[in-house]
Amino acid sequence: MTNEPHVSPPGPPASPPEEPAPGRLRRLFHFTLPGCWGALLLACVSFTPSLLPRGGVLQGVVCGISAAIGYGLGVLAACVWRAFADREARVPSRRSWLVLLVAGIVLFGVAFGLGQYWQHEIRELMGITEYNVFTAVACPFVAVVVFWLLLLAGRGLRAAYRWTARLLDRWIGERAARVVGWLAVVVLAWTAFNGLLLQGFVNTANEAFSLRDTETPEGVHQPTTTLRSGGPGSVVPWDTLGREGRAFAGSGPSAQEIGTFTHRAALEPIRAYAGLETAGDAETRAARAVADLDRAGGFARENLLVMTTTGSGWVDPAAVDTFEYLGNGDSATVAMQYSYLPSWMSYLVDQSKAREAGRELFDAVYDTWSKLPPDQRPRLFVAGESLGSFGGETAFSGEYDLRNRTAGTLFAGPPNFNALFREFSDGRDAGSPEVEPVYREGRTVRFTDDPATGITPAGKPWDGTRVLYLMHPSDPIVWWSPSLVFSEPDWIGSAPGNDVLESMVWIPFVTFWQITADLPFSTGVPDGHGHTYKVSYVDGWNSVMRPSGFTAQDLDRLKEIVGPQG
């Protein structure tokens with residue numbers, strides 16, 4: 001019998017010791033040198049000027065987003081380089097980090113100073129004197145917070161990918177697991193963002209603004225005239241017009257005010273409107289609005305305007321008031337609401353509703369108008385601002401359709417995705433800039449940033465129907481496009497407009513986020529800049545309608561009437 005040592009049966013494997021908190025903290029604050037260089041470079045160039053003045057907080061957001069993109073690009077570039085060099089990542093030396101630190105302090109300081117200078121220049125171009133030094137100081141801190149949050153989100157997605165790939169590796173090959181893992185994480189992340197976060201935000205906003213739609217603006221009262229929707233005899237009840245519909249129907253110049261301006265006996269303008277609560281679908285709302293227009297005698301007036309609203313149903317008072325003044329009150333305007341959301345949100349999520357509303361309203365008007373004897377038809381005009389121009393365009397197939405079915409069209413601040421606007425701009429005559437294109441020698445369609453200073457091409461005939469686009473060089477609504485991420489647009493490469501700095505340049509990724517950040521603040525600048533069109537309507541309508549009996553001094557007086565007060 002041998003004396004063998006007793007060996008205990010193997011027990012369960014010991015679980016790995018939990019990673020100390022300092023180790024997890026170090027991983028949380030771990031950065032790669034190439035990523036940091038990329039973040040530094042894009043953070044610095046984010047201070048270059050865009051279309052509108054940027055406050056310190058907004059600049060911080062843009063800077064943080066740009067830095068996060070730069071970090072990702074730096075990491076990707078390093079990975080590609082290592083793949084070609086066929087070597088593993090190396091640990092950066094302390095000297096390399098010191099060089100980055102010194103360069104970062106110098107470069108970011110210079111970029112910050114130049115950014116303040118450029119913002120001062122833009123404010124001077126637009127006549128803005130307001131400046132908040134505290135938000136400017138807060139800019140770097142906001143940038144760090146935004147950068148860190150985006151970096152954490154990116155690392156969270158990477159951790160989710162690695163976990164998914166390890167799980168799939170049990171059933172499929174390693175390479176396939178990596179590919180399927182990335183696809184799964186991307187799809188789930190997009191679904192969560194689009195289906196849960198974005199849609200949830202839109203639904204919440206829709207609920208909030210639907211409550212606001214039940215209010216009536218201060219100073220607006222229910223009409224006592226039969227010439228307005230919501231008034232006596234109207235087929236559209238006052239409480240269904242919505243907030244902006246009540247503002248539209250319950251305001252505007254009276255016959256006396258118009259007569260005081262024109263020095264002639266004037267008529268009381270007609271205004272017809274249908275709100276979201278008027279009917280459950282766009283076709284029925286359009287039919288109700290046109291029925292109310294007909295009831296009030298709108299088709300017997302000399303000038304008839306089909307106005308496509310912006311998001312919440314808002315109609316720029318300057319656009320309609322000017323139309324009524326220049327028409328001596330012998331006019332009628334019809335519009336309808338298609339969304340509760342404000343313009344900048346509708347711009348992103350309600351394009352289909354704007355398209356449907358513009359087409360249904362014009363078709364309903366045109367159906368009644370076309371059945372009238374030719375010598376008894378009013379002159380038919382179309383107008384829209386921002387998303388309203390997008391909706392207004394959808395009723396027409398092109399230049400000939402606009403010329404044959406209207407007496408004139410005035411669109412202000414057209415979004416870059418407008419189909420006809422893009423067709424006319426992309427098909428512009430050789431040599432004409434994108435900021436003020438010339439389409440087929442301006443025979444029907446023309447563009448201007450300021451109709452008071454002339455509409456190109458000067459000296460060329462502009463007979464028959466006139467279609468005019470008002471678009472400021474500094475209007476981000478006009479120039480924003482997803483293509484800004486990767487391609488330089490013609491409007492940046494050519495000579496800038498009169499309120500855009502010549503030092504504005506296109507930078508991949510960065511310019512897109514700069515213009516995107518400009519969008520919510522596009523109307524917060526003085527008239528004549530950004531997405532603010534007020535007095536431009538006076539010379540714009542004067543060019544399109546061609547009324548008789550008005551001098552340059554009369555138009556200046558009208559600008560004082562319809563322009564921003566105070």
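A search of the whole structure finds 0 disulfides, a disulfide being a pair of cysteine sulfur atoms within 2.5 Å. The structure is a predicted model, in which local features need pLDDT of at least 70 and side-chain atom pairs count only at pLDDT 80 or more, while totals for chains, interfaces and linings use all residues. Residues are numbered from 1 along each chain as its sequence is written, and side-chain values use heavy atoms, with hydrogens and water left out.

**Cysteines**

- A disulfide is a covalent bond between the sulfur atoms of two cysteines.
- For Cys79, the closest cysteine sulfur belongs to Cys36 and lies 14 Å away, which is too far for a bond.
- Cys79 counts as partly exposed at 37% relative accessibility; buried means under 20% relative accessible area, exposed over 50%, and partly exposed in between, with a 1.4 Å probe and protein chains only.
- The sulfur of Cys139 has its closest cysteine sulfur in Cys63, and because the separation is 5.7 Å, the two are too far apart for a bond.
- Cys139 counts as buried, at 1% relative accessibility.

**The sheet**

- Seven strands form an open sheet with parallel pairing, in the order β1-β3-β2-β4-β5-β7-β6; helices (H or I, at least four residues) and strands (E, at least two) are DSSP runs numbered from the N terminus, and two strands pair if DSSP finds at least two bridges between them.
- The edge strands, each pairing on one side only, are β1 (270-274) and β6 (445-448).
- On average, neighbouring strands of this sheet are turned by 15 degrees against each other, direction ignored; axes are lines fitted to C-alpha atoms, for helices over the stretch in contact, and angles run from 0 to 180 degrees between N-to-C directions.
- Helix α9 (residues 282-295) packs on the sheet and touches β1, β2 and β3 (331-336), contact meaning heavy atoms within 4.5 Å. The direction of α9 makes about 160 degrees with that of β3.
- Helix α15 (residues 419-426) also packs on the sheet, where it touches β6 and β7 (466-470), and its direction makes about 85 degrees with that of β6.

**Strand β4 and its partners**

- Strand β4 (residues 379-385) pairs with strand β2 (residues 303-308) in the parallel sense over 6 bridges.
- Across this pair, Asn303 stands opposite Arg379, and Leu304 stands opposite Leu380.
- Strand β5 (residues 408-412) pairs with β4 in the parallel sense over 5 bridges, and here Ala383 stands opposite Leu410.
- β4 is mostly covered, with 6 of its 7 residues buried.

**Helix α5**

- Helix α5 (residues 133-168) has 36 residues and reaches 53 Å from its first C-alpha to its last, close to the 52 Å expected at 1.5 Å a residue; the expected span is 1.5 Å times one less than the number of residues.
- A kink of about 40 degrees lies at Cys139, shortly before the proline Pro140; the bend at a residue is the angle between axes fitted to the seven residues ending there and the seven starting there.
- The buried residues of α5 include Cys139, Phe147, Trp148 and Arg155.

**Two residues and their contacts**

- Asn303, in strand β2, is buried with a relative accessible area of 2%.
- Not counting residues up to four places away in sequence, the residues that Asn303 touches include Phe323, Asp330, Pro378, Phe381 and Met545.
- Tyr366 lies in helix α12 (residues 351-370) and is partly exposed, with a relative accessible area of 22%.
- Tyr366 touches Leu380 and Arg405, not counting residues up to four places away in sequence.

**Backbone features**

- Most residues other than glycine have a negative phi, and most peptide bonds are trans.
- A cis peptide bond, with omega of about 0 degrees, joins Thr456 and Pro457; Pro457 is found in the loop between β6 and β7.
- Asn328, in the loop between α10 (317-326) and β3, has a positive phi near 55 degrees and counts as buried at 14% relative accessibility.
- Ser386, in the loop between β4 and α13 (387-393), has a positive phi near 60 degrees and is buried, with a relative accessible area of 3%.
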